[in-house]
Amino acid sequence: MEIYDKEDLIYWIWLSEIRGIGSVTSKALLNVFKTPQNIYKASKEEIMNLHGIGNATTELILNSKSLQKAEDILNKCEKLNIKILTYEDSLYPHEVKTIKKSPIILYYRGKIIENSLGVSIVGARRCTEYGKRVTVEAAEFLAKCNIPVISGMAKGIDGYAHTACLKNNGYTIAILGCGVDICYPKEHKELMEKIIENGAVISQYPPGTKPESKHFPDRNRLISAWCKKLLLVEAGEKSGSLITAKFAKEQNRQVFAVPNCIYSSESVGTNKLIEEGSQIYLKPSQLLLEDYDKQIINKSHSKKTNLTSLEKTIIDNIKDKDITLDELIIKLQQDKSQIFQTISIMELEGKVINVGGVLKNLCLN
Amino acid sequence: MASVVNSFAISGIDAYVVKIETDTIYGQPSVSIVGLGDAAVKEAKERLEASIIHFKYEFPKMKIVINLAPGDIKKSGSHFDLAMAIGLLIQSNQIKAEDIQNFGFIGELSLNAELRACTGILPMAMEAKNKGISNLIVPRDNMQEASLVKGINIFGFEKLTDVISFLEGVSPYSSLDNLKVDHIIQKSYLHDFEDVQGQDAVIEFIVAAAAGGHNLIMSGAPGCGKSMIAKRIPTILPSMTEEEALDVTKIYSVAGILKNRGSLITERPFRAPHHNASTNSLVGGGNNAMPGEISLAHNGVLFLDEIAEFNKKTLDALRQPLEDNKVTISRVKYTHVYPSNFMLIAAMNPCPCGYYGQQRCHCTDYEVLKYRQRLSGPILDRIDIQKYVQPVEFMKLSDYSKGTSSSELREKVEYARNIQRERYKNIEKVNSNGEMTPALIKEFCLLEEESTKLLQMAFDRFKYSARTFHKFLKLSRTFADMDGSEKVRKQDIAKALMCRDLDKERVNMVVV
C-alpha cells in the first residue's frame, strides 16, 4: 500500500460515492483529470467537453460537492483500522484493473500481498459432503502450492475453502458484499478474524454497508476478476455461483466445474456448465498456475497403503457405497470383536472415516 | 393426663415417629390441632367429628387439644386421622385399649368412618420396625405395601369400628386375603432386545454401558431406533436386590405414585421426561420438596430423549446428582435428601436437520458443532459412551437374524458386574468401572506397551482432550471384564476407542 495523503483519499471516496456515477464513468474521468481532486475542482465546461459525458452526469458531479460523507467514511475507516486501496495503487492487481467495471476504490482489512491473484473457489451455501470433500482437497492443495485462495466467505463451500486454506497456512482473500466491518453470515466471526490475520477481507462497499442482495452480483464480479482460474464446486439451478462463473467467462478466466451425479439437485448448475463447455475438474493439479512450482504435486499423491486381508475385504465392501457398521457385520459374517478391532485401528490409520455412523473409504487404491 | 398414640410422618423418603397427644380440658367446646400441621392436618377435626358421631360415639363437648410431637417440624398429610380418633376416644374413656404404645396408626378417615389409603406407607412401616413398634394398623388398601416389611404385625381394616373392636379385644383380627405371598417375583418386562434387529454393533456397546455402569448418549437420524433401544436397557441390567427394590418402592410411595395396591417394585424404573421438563420436576422440589425424575429413576434408567432440546440450566442441574448419586432439595419448609443413582441414557440428533452423514443433510460444519454445543461440557464429561445409531432399512428387516434376547445380554452384564463387585468390595462408593477415580484407574487399568501405542495413535489422530484418556481406560476395563480377562488387552483398547463417535468427528470438521 502506498502512503496516501488524507486529503487525497477524501476525494477518492467522494468520487466513488457519487450516486449515478459508476466505476466506468469514474475511470473515464480519471483518465483525463488524473486525480479525483482535479475532477472535484473541474469547471462545468471542462467536464462537458469530454467525450461521452452528458449533461446529466455533469449535473450529478456538480451537485454533489459535499465532502462530509467522504470524511465520515474515512474517519470510520481510521477508527476501525480499515485500509483503502485505490485504483492507482500498485497492489491493486493489474488483471483486476483491466476489467471494465472494477471499482475505483476498495476497502480492506488484513494484508494484500503482491501477486494476490489466485484461484477462486465458489459454490453452494447448502452443500453436500461430496462438495465439502472436493473443496477441502482443492484448498489444501492450493495452500501448499502457495496459491492464494479467493472466495466470498459465505456459508458452505466458501467457508470451507477459506478454512481449509488457513489450516494449511495458505493465503486467502474474502470478497464481501457488505462493509468489511460487518460479518455476514454471523457464524463466520472467527473465520473472518483468522482471514484478516492471514490474508485480507475486501469489499468495494464502505464500512457499515449492510449485506443486501443487490450488492452480491458486483461482489461476484470481483471474485471472478481476482483469479486466474475459477473452481465451481456445487451450484443449484439458480445459484449465485453461476453468475460468478458467467462473469469469469466474460473476463476470460478459466472456469472449472466439478462434475456430479446428474440427479443431484445441488449440482444441476455445475453439470450444465460442463455441458456448455467449462473444463471438467478432476484433480487439484488442474488448478496450478503456470508460474508455480510443480514439484510439490508429486509428493502429496504418492502415498500407498498396505492392507491386511480383513482390511481389504472391508475396503472392498465400503468402496462403492456408504455402509453402516451393522450392515458390514451382517455382510462379513465374521467375529464381531475382530471387526470392531480392525475398524477401530483403520480409523486411527486414516484408512476409513466414520461420518454420522456411515463408514467411508479414504484409501486411494 | 393426655393420651399418647403413635403415628408417623415423612421427611424425604424416610419416616419418623409422631406422638399424637390428645387432651380434653374444661372450657368452651373447640378442637385445636397444634404441632405445625398443614391445611390437611387442620381439617382433620371436621372428619374426626363426623366419623366419631357416625358410630354413635360421643364427641366430647370440651376444649380438645391435639398435639403432634415433635412440635417443631412441619407435618403434612391426612394420615394422622386414625391416630387422632383413637387418641380422642381413649382420652374420653369411650374405649379401653391395652398396650397402646405398641401400636402405630396410619389412615385417613372418611365422613362415614371408613379408612382411606395413604401415601408413604412403606417408609412408615420400616420406621415402626426400627423403633420397636410391633403392631401397625393401616387401611386395608395399604395392607400389601405395609406387609413388605417383615418382622412386625400388620393389621388392615376398612372401618373405624373394626379397629376399635379389635383394640378392645371384642373381635379377633381375621385376615381376609392371603397377602403375604412371595413379593420378589421377577416380572417379565414388556420389551425385549430380541425385537431390535440389525443393530448388533450398537447393542454391543449398550451392553458394555450396562456392564460397566457407563452413561451413554446415542446419536442418530429421527426414527432410527434410539428410543426403542433405550426402552429396553432396563431389561439387561442385573435384577434388583431386595434392598434396592425397597429403596425404589419407598421413593414411589413417598411420591404417591405406587401402583398395584403398593406391591414391591421389582422392575428397574425407566423414566423418560419430556424435554420441556422444568428443573424442579427433574431434580425434585415444588411446594413439598417432592422427589423429581432423577430420584424416580433411582436404581434404573433416566432417558433424556432429544437432550439438546432440554433447557441448558435444567441439564446443568444434573451435574451434582450425577456425581454424588443423591440430591439435596432445600426449601423454606423442608430440606430433603433423595437418592438418585441412575444410569443416564441420552439421545439426540447429530445435527439441526437430523440426517448428518446422509446425502440429504446440508448442514454446515459450523451449524453441526453449534448444535452439539448445546450440551454443556460438564454434562458431556459425565457421559462415557457416544454412539451413532443408524436407521435399519425396512425392506431388509427379514434378512436380519433375530436380535439377541435380553436375558442372554443380561447374563453378560451380570458376569461383568460380578467381577467388578469382587474388585471394588473394599472400596467405598465405587461399585462399577464407570465410578472409578483416577487413582483406581491407575491401579486397575494397567496397559501393555502395544495398547499405549494404540492410544497414542488415537490421540494424535483425533486430538482428544486429556480427560477422554480416563474414559478410554475405564471403558477398556469394562470390555476386559466382559471377556473375563484380568488384563486390559489391546483389543479392549481398540473397542474402547470406538466409543467416542461424536468426539472423533471434531477433527474432520472444517471450522476455524
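The legends below accompany close-up views of a predicted model.

**View 1. The interface between chain A and chain B.** In this predicted model, 43 residues of chain A are in contact with 41 residues of chain B, and the two chains bury about 3700 Å² between them, with 57% of that area on carbon and sulfur atoms. Asp326(A), Phe340(A) and Leu348(A) together supply 18% of the area that chain A buries against chain B, which is more than any other three residues.

**View 2. Salt bridges and polar contacts across the interface.** Five salt bridges are found across the interface of chain A and chain B, and one of them joins Lys504(B) to Glu347(A), whose closest N and O atoms lie 2.8 Å apart. Between the two chains there are also 19 residue pairs in polar contact, counted where both residues have pLDDT 80 or more.

**View 3. The elements of chain A that touch chain B.** Several elements of chain A give two or more residues to the side that touches chain B, among them the helices α8 (129-144), α16 (325-332) and α17 (336-348) and the strands β11 (352-355) and β12 (358-361). The largest share of this side, nine residues, comes from α17(A). Sorted by class, the side of chain A that touches chain B has 17 nonpolar, eleven polar and 15 charged residues.

**View 4. Confidence along chain A.** The mean pLDDT of chain A is 88, and 94% of its residues reach 70 or more. Over residues 297-303 of chain A, however, the pLDDT is below 50, and beyond near neighbours in sequence this stretch has five contacts in the model. Where pLDDT is low, predicted coordinates should not be read in detail.

**View 5. The fold of chain B.** Chain B contains 21 helices and 18 strands, and its C-alpha atoms fill a box of roughly 90 × 50 × 40 Å along the principal axes. Of the 512 residues of chain B, 54% count as buried. Among the contacts in chain B with a separation of 6 or more, 74% are accounted for by residues 24 or more positions apart.

**View 6. The surroundings of Ala317(B).** Ala317(B) sits in the loop between α12 (312-316) and α13 (319-324) of chain B, and because its relative accessibility is 24%, Ala317(B) counts as partly exposed. Leaving aside residues up to four places away in sequence, Ala317(B) touches Thr279(B) and Val283(B). Ala317(B) and Leu282(B) are 35 residues apart in sequence, while their C-alpha atoms are 8.6 Å apart in space.

Conventions. Residues numbered from 1 in each chain as written. Chains lettered and ligands numbered in written order. Predicted model: local features only at pLDDT ≥ 70, side-chain atom pairs only at ≥ 80, totals over all residues. Heavy atoms only, no water. Contact = heavy atoms within 4.5 Å. Buried area = accessible area lost by both parts, 1.4 Å probe. Salt bridge = Lys/Arg side-chain N within 4 Å of Asp/Glu carboxyl O. Polar contact = N/O pair within 3.5 Å; in protein donor to acceptor, adjacent residues only side chain to side chain. Helix = DSSP H or I, 4+ residues; strand = E, 2+ residues; numbered from the N terminus. Nonpolar A, V, L, I, M, F, W, Y, C, P; charged D, E, K, R; others polar. pLDDT = per-residue confidence, 0-100. Buried < 20%, exposed > 50% of the residue type's maximum accessible area, 1.4 Å probe, protein only.
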